[in-house]
Amino acid sequence: MDKIVLATGNKGKVAEFSHLFTQYNIDVAPQSDFNVPDVPETGTTFVENAIIKARHAAKLTGLPAIADDSGLVVDALNGAPGIYSARYGALNAQTKPSDSDNCTKLLAELNGKHNRQAKFLCVLVFMRHANDPTPIICQGEWEGEIATSASGEGGFGYDPLFYVPSLAQTAAMLSKHEKSDISHRAKALKELMHKLQTLI
Ligand SMILES: O=c1nc[nH]c2c1ncn2[C@H]1C[C@H](O)[C@@H](COP(=O)(O)OP(=O)(O)OP(=O)(O)O)O1
Ligand SMILES: [Mg+2]
């Protein structure tokens, strides 16, 4: 199969995917290798935003593309930040918040709330080309709780706040191997690779 472009500008995702892809015989390169810029995520669902990103990268490179749209869904916040996870802690629409801005905002919103249940969601979309009318869509979930303070140095995004009760650790305290065994992204990719192999 052709080289596949990974339609994300997030270095944390790229690092996880490069580890995850080692178990599959597939040639994947991040969109930065082709100078593909970020595209506005104007959808109202994870699926729409993943399709927007995959289509954009496929269009600019002429290659098949895989995009990841993911986020944190918090029960006590009625599912927020959800598809807005990357923009959650922004002070205005122009500036992109840091991971730590987003974590600070999440802790403030949950201040005093008893229910800390949450899950990470990951939607992966594979498009054979920019006009592919039947993208392959897969989804993975990872259940956890939002801690009351950050811990751990690994991972990215909300990982320092995402507490996994069965391991008694936050996602940021796990090694990349441990996270790649159980994460929402790993689950979605497993399903995607299974579907792709039955097609090739
Ligand atoms: O495993 C994860 N561990 C911690 N945080 C995570 C994870 N997975 C997604 N997240 C957070 C990061 C970001 O705040 C949002 C994704 O937003 P999302 O638009 O999909 O990605 P992004 O804008 O960072 O890069 P891009 O759109 O180029 O793929 O959810
Ligand atoms: Mg994004």
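Helices and strands here are DSSP runs, numbered from the N terminus; a helix has at least four residues and a strand at least two. Keep that in mind while touring this predicted model.

**Whole chain**

Select the protein chain and colour it by secondary structure. The chain has 5 helices and 7 strands. Starting at the N terminus, the order of elements is β-α-β-α-β-α-β-β-β-β-α-α. The radius of gyration is 17 Å, close to the 16 Å that the globule rule gives for 200 residues, so the chain is as compact as a globular protein of that length.

Next, colour by burial. Of the 200 residues in the chain, 38% are buried. Now consider contacts between residues at least 6 apart in sequence: 58% of these join residues at least 24 apart.

**Helix α2**

Select residues 46-61, which form helix α2. Its 16 residues reach 23 Å from the first C-alpha to the last, close to the 22 Å expected at 1.5 Å a residue.

Show the side chains of the buried residues in α2, among them F46, N49, A50, I51, K53 and A54. The list of buried residues in this helix also includes R55, H56, A57, A58 and T61. Which strands do the buried residues of α2 pack against? Select β1 (4-6), β3 (65-74) and β4 (117-127) to see these partners.

Then step to G62, the residue that follows α2. Its phi is positive, near 75°.

**Nonpolar core**

Stay in this region and select A54, A65, I66, L124 and V125. Within the largest nonpolar core, which has 47 residues, these five touch the most other members. The largest share of this core, 9 residues, comes from β4.

Centre the view on V125. What is V125 in contact with, leaving aside its neighbours within four places in sequence? From α2 (46-61), select A50, I51 and A54, which are among its contacts. The remaining contacts of V125 include A67, P135 and I137.

**Ligand 1**

Select ligand 1 and the residues around it. The ligand is surrounded by 24 residues, and the closest are T8, N10, S85, A86 and G157. Strand β3 supplies the largest share of this shell, 5 residues. Colour the shell by residue type: it divides into 6 nonpolar, 10 polar and 8 charged residues.

**Backbone details**

The last stops concern the backbone. Most residues other than glycine have a negative phi, and most peptide bonds are trans.

Select A80 and P81. Is the peptide bond between them cis or trans? The bond from A80 to P81 is cis, with omega near -5°. P81 lies in the loop between β3 and α3 (99-109).

Move to N78, which is found in the loop between β3 and α3. Phi of N78 is near 50°, a positive value in a residue other than glycine. Is N78 buried or exposed? N78 has 8 other C-beta atoms within 10 Å, so N78 is exposed.

Finish at N35, in the loop between β2 (28-30) and α2. N35 is not a glycine, and its phi is positive, near 55°. With 8 other C-beta atoms within 10 Å, N35 is exposed.

Conventions: Residues are numbered from 1 along each chain as its sequence is written. Chains are lettered from A and ligands numbered from 1 in the order in which they are written. This is a predicted model: local features need pLDDT of at least 70, side-chain atom pairs count only at pLDDT 80 or more; totals for chains, interfaces and linings use all residues. The expected span of a helix is 1.5 Å times one less than its number of residues. A residue is buried if 20 or more other C-beta atoms lie within 10 Å of its own, exposed if 12 or fewer, and partly exposed in between; C-beta atoms are placed from the backbone. Two residues are in contact if their C-beta atoms, placed from the backbone, lie within 7 Å. A residue is near a molecule or strand if its C-beta atom, placed from the backbone, lies within 6 Å of it. Ala, Val, Leu, Ile, Met, Phe, Trp, Tyr, Cys and Pro count as nonpolar, Asp, Glu, Lys and Arg as charged, and the others, Gly among them, as polar. The radius of gyration is taken over C-alpha atoms; the globule rule is 2.2 Å times the number of residues to the power 0.38. A nonpolar core is a set of buried Ala, Val, Leu, Ile, Met, Phe, Trp, Tyr and Cys residues joined through C-beta atoms within 7 Å.
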